[in-house]
Amino acid sequence: MAEEKSQASSSKMLTLKASDGVLFEVELNIAKEMKTVQAYIDDCEDIETIPIPNVLGKHLAIVIEYIKKTNEEYDAEFEKQWNMDDLQLLLLAANYLNISGLQECLCKAIAKRIENKSPEYVRKVFNIENDHSPEEEAKLRKEYKWAFEGVDKD
Amino acid sequence: MVVRQKSDFPDSGRILKRSKPLMSDSALQDKDTNDAVEGKDKFEDMPNCVVLHTLSFMETKDAVRTCVLSKRWRNLWTGIPCLNFNSKSFSRLVDFRRFVVCVLSRRDSSAVKVLNYSRTGVDYATDQNLFNKVIDYVTSHGVEEIRVNLRAKGRGSPPVDIPLSLFNCVSLKKLQLKDCHPSKATWILPFEPPKHLLHLKQFTLDPTAPGHPYSFAGLANIFGFATLTTLNLCRLTLSFTGYETLNPFENCLNLKNLLLREIRFMLEPVPEDFVISAPQLNNLTLMCCRFFKCNLVIAAPKLISFNYLYAAPGAMFEFNIPSVHNFTINICEPQNKLGAPHQKPGEKTKHGLIKMFREGPEAELSFSTAVVSCGAVIMPKKKCPSCCRCQWKALNLRVGSTYKVFVNKLDQITAYFRHCSQHGEYDVLSI
């Protein structure tokens, strides 16, 4: 995949502007991997700076790096580097920018980190407020009791 | 600057709602947008489809647990598009059964894209009733990929009946059956092939433990090999009866990738040539196959790579492939545990490369092999006159470095290819 990108005929550069004002100059073919950006370009052909209002500069940098490098080995190493907060924000970014490969990689990474964890752990990690009453929660736990066996201790 | 409408990005609808509208002045954006992005509820911002995508990578048992997280999550899991059932996560098989039945009954009506069903039994039989329930459910919910693993007691592969609902599933594209023997497929012809709607693209059958031989024609009829682009048959005995000239894959009109691994062949009668000639075949791999006393003729016109790995010596090849560029042949000898070849030093292997026909205007043959043997076998057979029509431009002959000692008469090989190539500027690139 990296080889294809280096051979692309287009050397036109685009500027992407992150939510905190950080500017990134990228090649057109890299930017096109973000389907959101592609749609933008399709609409206004001679645009040079595209605002990305939902993504911080530091996350946009990571996303661009991912697109440039991606292959299977890179994917496996990629997800190890980031903490849970970053993974979630990167997933939001990948979803907004509509990059299916990155979204798949991040969903997998997040799933792996929470798969055998208790609901308390998951709530903390995702910052989910528990609005179940104790009775409701107990009822659910009883209904699906076999799902709660063998869970990792926090 | 154009302001994007929310409807342009269906998946991220919720996110756009929370962020500020586009402004050219970045200073205005900074504080508020930062808060929105780094604010408390990151996963809460995630649209349902992304959450479900994440849950798809977990076992369904773990996904179901999310029902207690909060009211939003209570029934979210019921829409997961992938079902991953693994009996090893349950202390008792009866709990696994209850769990599967419960999930099937609580799930919503949305489509199931992928089913991974893995049941490790404690006796030789599998739970056919449960299997039927699961297959009936997913096939009626538009499933596209099914992977089944039914290891039985010890290392056995239980027989399993494939329910009719699978054969009538129009949406199913990929089917993988591991550690089990689909019982109908072992019937020997003749029998009435079922009329079905199945149009698979990929099919893998890997029973792992030996069982009855499979009739190749039976398998082809039952699972519909004509639509396949990828076929993997591993660790089974394939029987072919009543063929004098054997060309089993010629009707696999869409087949691009073929893998035959650890296959034993039962051929009655033994043909002179076993031909592999699927019209669209790009990649062919034969691994650890016990071959037979006839010639293996590779005649797939679009073949790009051929791997013949770790098989017993004695196979005689014939390549009959017109006009393909960059064809790679990879032939590796069987190795013992230390990675050394089986032969005693000095013993020649008997893989013969006979009659490479390449009729394209420019063909670059790249040939990488562990051991090459030549001598008498390399000379073209008398009955095939057309080897002089080749137009090879170059030969790149690479030999695995560990085995250089076993390469004999390299100059005879290169002379043979040079003789076959009519191209004025024929080059032997590297040895």
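User: How many aromatic pairs are there over all chains?

Analyst: The model is predicted. Two rings pair if their centres lie within 6.5 Å. Over all chains, the count of aromatic pairs comes to 19.

User: Is the pair of F167(B) and F223(B) stacked, edge-to-face or tilted?

Analyst: The ring centres of F167(B) and F223(B) are 5.9 Å apart, and the planes are at 45°. Planes under 30 degrees apart count as stacked and over 60 as edge-to-face.

User: What kind of aromatic pair do F240(B) and F274(B) form?

Analyst: The centres of F240(B) and F274(B) are 5.8 Å apart, with 90° between the planes. Planes over 60 degrees apart count as edge-to-face. The pair of F240(B) and F274(B) is thus edge-to-face.

User: Which strands hold F240(B) and F274(B)?

Analyst: Both F240(B) and F274(B) are buried. The pair ties together parts that are 34 residues apart in sequence, because the two residues lie in separate strands of chain B. F240(B) is in strand β10 (residues 237-241) and F274(B) in strand β13 (residues 273-276).

User: Is N307(B) buried or exposed?

Analyst: N307(B) is found in strand β16 of chain B. Its relative accessible area is 19%, and buried means under 20%. N307(B) is therefore buried.

User: Over the face of which residue does K117(A) lie?

Analyst: K117(A) is one of the residues lining the second largest cavity. K117(A) is 5.5 Å from a ring centre, and the cut-off for a charge over a ring is within 6 Å. The ring belongs to Y121(A).

User: What is the N to O distance in the salt bridge of E120(A) and R141(A)?

Analyst: E120(A) lies in helix α8 of chain A and R141(A) in helix α9 of chain A, so the pair ties together parts that are 21 residues apart in sequence. E120(A) is partly exposed at 37% relative accessibility, and R141(A) is partly exposed at 27%. The side chains meet with an N to O distance of 2.8 Å.

User: With which residue does E137(A) form a salt bridge, the closest N and O atoms being 3.4 Å apart?

Analyst: A salt bridge needs a nitrogen within 4 Å of a carboxyl oxygen. E137(A) is in helix α9 of chain A, and its partner, 14 residues apart, is in helix α8 of chain A. Both residues are buried. The partner of E137(A) is R123(A).

User: Which residues do salt bridges that share partners join into one network?

Analyst: The structure holds 20 salt bridges over all chains. Some of these share partners and form one network. The residues joined are E120(A), R123(A), E137(A) and R141(A).

Technical notes:
Residues numbered from 1 in each chain as written. Chains lettered and ligands numbered in written order. Predicted model: local features only at pLDDT ≥ 70, side-chain atom pairs only at ≥ 80, totals over all residues. Heavy atoms only, no water. Phe/Tyr/Trp six-rings, centres within 6.5 Å; stacked < 30°, edge-to-face > 60°. Helix = DSSP H or I, 4+ residues; strand = E, 2+ residues; numbered from the N terminus. Buried < 20%, exposed > 50% of the residue type's maximum accessible area, 1.4 Å probe, protein only. Lys NZ or Arg CZ within 6 Å of the ring centre and 35° of its normal. 1 Å grid on protein atoms, 1.4 Å probe; cavity = no way out; pocket = protein on both sides within 12 Å on 5 of 7 lines; lining within 4 Å.
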